[in-house]
Amino acid sequence: MSRKVTHHLPPAMLAQYAAGRLSHAFSVLAAAHVSLCRDCRDQLAAHEAAAGLLLEEAAPAAVSEDLLPRLLARLEEPAASQDQQVEDGARPSGIYPGPVMMALKGRPPRWRHLGSGIRQALLHHGPGGSLRLLSVPAGRPVPRHTHRGTEFTLVLQGGFHDETGHFSVGDVEVADARLEHTPTADPGEACICLAATDAPLRFSGIVPRLLQPLFRI
């Protein structure tokens with residue numbers, strides 16, 4: 001990607017990602033953003049290097065007696081072949097980075113219409129949060145809403161703007177209960193985003209609120 005990303009993941013989220021402490025939804029979004037953003041890749045490498053130093057300096061800890069045999073047994077297991085990785089969708093395809101293709105299991109998104117031309121493909125929904133692709137027609141606004149938790153939105157195609165600024169491919173918007181906004185897609189082409197949330201949105205309009213449980217958004 002030639003464009004320089006201007007809206008990044010928060011440093012605290014990168015640190016949690018490096019430590020493996022993010023939920024599945026947030027972890028996939030972080031991996032997708034890092035794959036598009038050189039600056040965040042460099043920061044992630046610094047976090048991982050710091051974590052490695054901490055491990056080297058940590059005091060020895062007791063382990064179970066069968067740990068070594070179990071590790072040796074794992075080493076003898078066949079590694080996943082390159083063909084299997086491709087089958088699982090590890091490689092980027094079109095606008096979709098590798099982590100998104102893995103979430104899609106290597107298949108095209110299964111879009112579902114939400115109304116007003118807006119579509120979603122739900123990739124994950126569980127107690128820890130949801131992960132979805134959203135496609136918004138050019139120039140079309142998303143119904144006004146705020147948030148019960150935190151939402152990260154990564155732009156994969158086109159762009160959008162709201163009360164906080166403008167976001168293009170590779171940018172991430174971070175939104176929480178302090179932000180009520182009406183994201184609106186740029187003219188030209190549909191805006192496709194990867195959105196990760198840890199709680200349902202809070203829509204202002206009655207119709208979106210009625211449909212919300214059906215679409216799990």
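Helices (H or I, at least four residues) and strands (E, at least two) are DSSP runs, numbered from the N terminus. Keep in mind that this is a predicted model, where local features need pLDDT of at least 70, side-chain atom pairs count only at pLDDT 80 or more, and totals for chains, interfaces and linings use all residues. Residues are numbered from 1 along each chain as its sequence is written, and side-chain values use heavy atoms, leaving out hydrogens and water.

A pocket here is an open set of points on a 1 Å grid over the protein atoms alone, where a 1.4 Å probe fits, with protein on both sides within 12 Å along at least five of seven lines; lining residues have an atom within 4 Å of a point. The largest pocket holds about 490 Å³ of space. It has 31 lining residues, and Ile-118, Val-142, Pro-143, Phe-203 and Ile-217 sit closest to its centre. H7 is the top contributor to this lining, with 5 residues. By class, the lining splits into 20 nonpolar, 7 polar and 4 charged residues.

Now for the second largest pocket, with about 280 Å³ of space. Its lining counts 15 residues, with Leu-104, Arg-110, Ala-121, Leu-122 and Leu-123 closest to the centre. Strand S2 (118-126) and H7 each supply at least two of the lining residues, and S2 gives the most, with 4.

Key
Grid points are joined across faces, edges and corners, and a volume is the space filled by probe spheres set on the points. Ala, Val, Leu, Ile, Met, Phe, Trp, Tyr, Cys and Pro count as nonpolar, Asp, Glu, Lys and Arg as charged, and the others, Gly among them, as polar.
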